[in-house]
Structures are given as structure tokens and as C-alpha cells.
Amino acid sequence: MRKLNVYQIYAPVKKESHWSYEALDKPESIRLDHLNTIQSPKMIIFPQREVFFEFHNAEGNTPVMKEPASEPSATVIFGVRPCDAVGVTHQDKVFNGDFKDLYYWKRRNQTILVGLACDTPPSPHCFCLSVGGSPHFTAGFDILMTELEDFYYVESFSKKGDTLINLAGDIFSTPKENSKKDKEKAHSDSEKKLKRHIKNLETVPPKLKNMFDSPLWEEESLSCIQCGICTYLCPTCHCFDISDELDSSSPLSGKRVRTWDNCQFPDFTMHSSGHNPRPDRASRLRQRIMHKFNYFVTNYQAYQCTGCGRCIAKCPVGIDIIEVLEKVRDYGK
Amino acid sequence: MVALEDLKQEAKNVLEGGTVKYIIGYKKPAAGFMAVPAFFHKPEDLDALVWDPTCFHNLVLFLKDEKKRKLGQKEPDERPVGIVVKGCDSRAVNVLLQENYIDRENVYILGVSCGKTGMVDLKKVRKYFMGKIISQIDFNENESFTVTTTEGKVEVPATDIFADRCTECRTASPVIHDVLLGEDSVRTPENPFGSLEEMENKSQEQKWDFWQEQLTKCIRCYACRSICPMCYCDECVVDTINFAVYPDTPAEEKAQKIKWVEKSPTTSENFIYHMVRAIHLAGRCVDCAECERACPVDIPLRFLNKKLEKESKELFDYDVGYDIEIPALISSFRDEDPEDFIR
Amino acid sequence: MENNHYIPKVARIINIKDEVEGARAVKTFRTQFTIDDGFTHICGQCAMLSVLGKGESMISISSSPIETEYLQFSVLKTGRVTSALHDMIEGDMIGIRGPYGNGFPIDKWTGKNLIFIGGGIGLAPIWSVLQTALGKKSDYGNLTLIYGSRTSKDLVFKEELREIKQEMAVHLSVDNEEDGWEEYVGFVPNNLLDKKPSPENAVAITCGPPIMIKFVIKNLQDLGFKDDHIYTTVENKMKCGIGQCGRCNIGLHYVCKDGPVYSWAELKKLPQEY
């Protein structure tokens, strides 16, 4: 770690009852016995608050806008689980396309994801295998480490990863002949330990196409309290708001700021006229499920869910996305 | 101790007879062992009703939704809603009645007593049973819980794993009910505000540093507010997202709306949000501690509200949620109220 | 950063016209960029107007791309940003970023008759097409406008309507009887049925309050218009304007990017959540 002091390093740190990514200044404090962090690396690459620009009025009341001067530094996020890395790749898809989000990419291009394969599921609610992932999935990683008996088996998948490994120099040694087999066995063993699965999830997207008016959404959303936990903790959710924060109104100065937002908040889609296309919980729950398991699938050929299980573990009223998906899958049978 | 069958029978009686529209209670989740809130519309659904030490949710919050739902209906069903309440929850019902947010005939209260123990605290259970897989937790006659894991049953003293708020509980059984199951017991904790002592003994600087650290974690998910039965305002003053806007709200009104708190989850904005919310709950919070349980980043919110509960008691001799006839604390004034803090 | 979509360009308001006064005030703003970098748009596209310190609002560009001197926006005063715009005077500066959205496919409409049906401020988003058609009359067939408002005071572009009466069929209406009103009295969808435009070689373009659009589309279908020859533009709450913030998401689309212009054939396939 000391050799990596040109990088800003984030690693999981134990708080009272949860793990959280924090910027590290003491290499000794790195631990790799964590389960999963409460927030995914999304909080670092797509932070909850991002200043777009500062503004003030210059001569003749001409607005002047200035982008933030500081450049994001090269960052290493250490100890990332495969589900969270897949989440980053999904966010990459969203912020790409005809309009690239330069704030996101400036940070993303400087970020190196060093992952840790899961030998046991970090959460009783993990279901990565059901959504096309696995406890050792490599998508999104620059480096993936697998814990074997006496050492970590480390693989690099990108130039950024190679650079890190070269920097570390003699900490690494070439793997022995049967290490690869051991690693592969560790991987397949880890898959057997997952407790929760959704069988036949591939039948859900086509089924959802005809369930817009189903009474299922009303039933399943009865206890939803419309908070932001499921979306804010989700590695793939990306909705945001843009607002102006004033430091002074005369002379005018302030910032235009992006903050996370959430399709479950009641006023998310409300028009200024008072008309709200999604006026109730049923329509908002429907939007969440439709977006993740229908629209995103059609647009990007992937579920917008990585099976990390945070939304299930942390929902204050016990709404379980696996249960909802199973009800969708079995609806009408 | 409450026999689950008795609770189910009482619930079935009122649901079958049509006395109530539906019943809000608890059921087992799809996976895991903690009970989750459930809505029972048909008598046969009640077979899934459970009652055990994992029923820590305060179901009174769903009465907010019921009221808002009725407001949106042309011909609402005026029958009451059946609700399973514990001691602390029942005081929440009393506060809503005291504030005229709901009427007595809107609720049919199935009161259940926690007996000698209380509800478990999930974080303590997890720590105690490090890594083991739990399938069930049950009440016992004495002051312990029986926890069933994949390795068998274990008896655990209640004091090891039950919630902090239960250590300071004075209402082990509901103070208002239509039906009461379990013994009508009153607890007299030695030190009803004991959990505040450590904090109160800190210096001003230590307190500031403590809350700086805690409130920097806040991600403004608003779960604490959404899960609180008392936070029922259509438009919350410390919220930039929910506005009571209608088609005939004039543009000037929308334009002049003051943003008391910015949407950004910076430490200073988080401070304002939490402090103002705590003050708005003074004399109204019943210490169900749901806010602290719901918080995904483990902010010890209970301290804030408990402190104000203590101030309400010490300054104004006001107990929250026992007497619905007396006016609410913040909306009343008595000649004998202390004035020494007015300068 | 180059190509940072979130930085608005500075524009000066060169002209403000009061279209409608009172509770549902509408003003038309003509703006000019302080630095001309060749901004162009297609009919139907929108732009995010920025009032620094208040926020942004997505407004349709109601001027035609033929007009190179200015960009025109008609703004209904309804909230924080629009009220701030209404408080501005000529010479004030705002930010504009865009153009966003997909625009009307007017290239496909050469030679066709165009029937414009608008209600209230809904005339503004389709005005750009109408102005383009009037500017290149030989490219299109007959032009008809069926437009109405609650009262005669709520009609927008009152002067322009008088002018274009010389060049095309204009059928106006108000909801209720009014002193001095000699044209149709009733709702716009009913005026449409009254005037019975022929669907033969025609495209209908409509915009207005959601309830009006619903009945206009139904009546157009009754008159024989095919679903892929009925066009409308959809409104939704927007923030980023580039299909990433999730707010205007309907089904597979983001209204800011894949819309706001849709034919009824396309729109009816989307979830009806707008």
C-alpha cells in the first residue's frame, strides 16, 4: 500500500455496525475481512453531491460560470465485491452515449477497482448468480483478488491494473502451477454457498411488458414508506437532481449542484402545475421494477440489478425485491 | 405472555364480522427471521400473523397512509382499521388522537403486551450470534428469549439482546386498546433516561465532535422521517422534495417558497434537518426508536429525541402519549411553566 | 471542460412580449446568444433556460430554424424559474443549453397538408413548424390552424394570428360565450369536429392540455386520420435534458432525449405515465 501513495485509496473501514468506504491514510488499517460496505463504490465515482459550476454576476450583470478547479486524483478503490463492480459497469452505460457526462468520466477514468472475490456471500440476501453475476465475476474490475489458503491469487484485466501490479513490484510473485486450479475451485465453491436465488428470472422481463395495470403493484407497495434507502444504496441506481445553491443573492453568487434523487420520493415526477404522473406508491414501485427488469433489459441487454441484496437487508419495512420478482414471475398461474 | 392463537382469534373475529376494513399486523418475511409489517384483508390471511420479539416495527405509521388514502377517495369506507400495537406504539396512537389527526373510531386497537422482556435489537442479535443463521426468536415466561439457529435452540437473557429503548420502557402493555392480550403490566425502570448519561457528561466540544461525525454520515434518505408515525405533515419544513402543490396554487406562492435546507447532504444541512426534526418532535416522540433502526448508516438518532423527551419531563412534567385529554406540549402554555431559560 | 453539456451559454433577452396577463401569465421572450457559435435546432426541440440562482426550466423553442436572428420561447408563469423569467426585463441575461429532443420529422411532410391543433400555451411548441411551413410554403400543401383557449385573453400570439389569417386557414375558439367573439364557441376538440379537416394527404400536429390532446386524438381518429399521421409533443418534468437523471423516463424512453415529439402510433405503445 505504501508504494501506492500516489493514489487516493478508498478501502472498507469498520464503523459500529457496518462497513463503509473511507479515504485511507494509514495502510496498516486496511482489512480484508469485510462483508460488504453499506454504500457501493458509487458514492466515490458518482458522489452524492457534485458541484457542476460556480456562478456569479460580473460587469453588466453578465452571468459567469466557472467549473470546479480541482481535478480528481487517481483513485484506487480497494476490496470491491463483484456485484458492486458490475454496478459500476451499468452506470458507465448510462453516463455514456450521445451525451457523455464529463464529470463522471473524469473521475471514472482515474479510478482503479481492486476487487475481492467472495468466498462466502457477504449478505444472507445475496443473489448475484440469478442476475447474471457471480461471487467472482470480473466485469468492471482492473484487478481481482481471490483468497486462497496462504495467499491471494491476483489477476489483472486492464492496463490500469497492470500499472498497479508493476508499482507494487516484489510483493507479488508468479503463481505456482496448481494455484490456478485452487482459485477456480474456490470460485466454484463460493457459488454453491449462495442462499437465495430467483429461478427463471428471464421470464420476468417479457411478463412485465403486460403488467403495467396489474393490481400486484398496489398490494406489494402497501408498506413502502417512500424513503430513499433502496435507491441510494443500490450500486446501479443513478437518478439525480440539479439545483442552484445560493451563497449570496445580491451580488449574485452560488453553485449549481447535482445531488442524488430517487424515483420513490413522492414528488420526483411532479410537474410545477401539480400534476404528478406517478402519484402513488403503486406506480412508483412499478417504475422501480419495470426500469430495472424491463426497460433497462431492452435498452442495454442486462438487468439493472447486481444481486447485492442491500435493498432487501436495509428496507425498514421488509420489502423484498426477490419476493416481488417471484410474484411477478408467477402472476396469473 | 401473549398466545399467538388468541391474537389470531381476536383478529379473525373483527375481520370476519366486518367491524374493521383490514388489519395491520406482522408476518414472517420471505427470507430471514425478522417480522415485517403486513396487511391482512381476508380472515384466512391471518394464518400468517405472527407475534414474537422481532415484531419491533411501529405499525402506527401506516395510519398516516390510511388517512391520506381516505382523503383521496370520493366515498371512503369509514370503518376502522385494525392494528396490532405494543405498549410504545399505543402511546403513538394516543399522540395522534391528542392532535386530532385521527379519530378514536378510525382505529380498532389489538393491544399486545411485551411482558417482562421486550423487542430484540437486530444489531445486538447479529453481534451475539456472530455468523450463525437464525430462523426464529420466541418469548419465554421468564426474562429470556429462545433463539433458534441452524445449530439448535439457545436461551438468551433478554438484557443481552433486547433494544435499548426497552431498558427504559415504562409501558410494557398498551395504554389504549379495544382488546388487550397478555398481562397488563407496568414497568418502572430505575433510570428512565439512563442512556443519556454518557452523552450528557461529555463536554460541549466532545458533543459537537460526536454529532459532526455522526451527521456527516447522513445520506438524507429521509427514512427516519418517513417511518416516524408523528411526521405526518404534507409539507415538511426541512424537506426540499415534498411540496403541497395543487393545480390552483398561484405561481408566486411556488416561487416564493423558502428552501430552509438545501438538498445537498453536507454536514451543515444535515444538522439543520435533524435538529429541526427533533425539536418538532419534542413532546410528541414516544421513543419507539424506529428512526434509529431504519437509519442505514447507524446514526444514533434516539439520543436526540430522548433528550427532548427528558427536557419535556423535567421542565414541564409532560409525559408523552398517556393522556389524550391534555393539550399537546408545544401548543399549550400554563402559568406555572418555568421561565428561567427566557432571557 | 469541452463539450460539458451542463454549462449553459449566455444569452441576452432582446424582446419580451406580454401574451397573457393575470393568473396564468404567458410572456414570449426573444433571446440572442452573446457569443454566436452557430446554434441551430429542428422544429420541436427544446432548450433548458437557466436563471442562475433559481434553476432551470425546459421550454420549447417556438421560433423556426429559418429565423436566425433570435431564439423565441413562450413561458407560462408557474413556478420558481418561470416567475424569475417573468420578472426579467429586456437586456437581462439568462443561460440557454440545448437543443434537446428529437424534433418533428418535417422532412417527411413535404407536399402534405398540415393541420395544426393547439390549446392555450400548447400553440407555442408547434409554432416553429407552422412558421417553417409558412416560410417555405411551396414545400407543403394546405395549412390549417385550429386553436382555442379558455377566453380570448388567454390566446397566445394574438398579433401573429391576425397576420397569418391572410396566408392560411385559421379557426379560433373560446370555451364560453364572450362579448364581441364571433368565431366558434366551445372546446378545441369540438371545433375540430366542426371544421372537419380531411385526412387525405394530411398530417395533424397537436399540443395543449393533456385532456385536450386526448380528445383531439380521438376526434382525429374518428375523422379518419391514421395514428402515424397524428403528432404531438409531450411534456414531463426534466432536469438534465440528456436522458440520464431518470426524471422524465417513460418506458424505454427519456422524453428529453427520445421525445418530446411522438406520433400517436409511437406514444400509445409507451406506458401512459405522463
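Predicted model: local features only at pLDDT ≥ 70, side-chain atom pairs only at ≥ 80, totals over all residues.
Local features need pLDDT of at least 70 and side-chain atom pairs count only at pLDDT 80 or more, while totals for chains, interfaces and linings use all residues. Residues are numbered from 1 along each chain as its sequence is written, chains are lettered from A in the order in which they are written, and side-chain values use heavy atoms, with hydrogens and water left out.

A pair of aromatic rings is described by the distance of the centres and the angle of the planes. Rings of Phe, Tyr and Trp (its six-membered ring) pair if their centres lie within 6.5 Å; planes under 30 degrees apart count as stacked, over 60 as edge-to-face and the rest as tilted. Over all chains, 31 aromatic pairs are found. One of them joins A:Phe53 and A:Phe55, edge-to-face, at 6.5 Å centre to centre and 65° between the planes. In chain B, the ring centres of B:Tyr101 and B:Tyr232 are 3.8 Å apart with planes at 20°, so this pair is stacked. Both B:Tyr101 and B:Tyr232 are buried (under 20% relative accessible area, with exposed over 50% and partly exposed in between; 1.4 Å probe, protein chains only).

Chain B is assigned domain 1 (1-190) and domain 2 (192-337), with bounds from an automatic or database domain assignment. Their C-alpha centres lie 24 Å apart. Six salt bridges are counted between these two domains (a side-chain nitrogen of Lys or Arg within 4 Å of a carboxyl oxygen of Asp or Glu). A salt bridge also joins the side chains of B:Lys123 and B:Asp298, at 3.1 Å from N to O.
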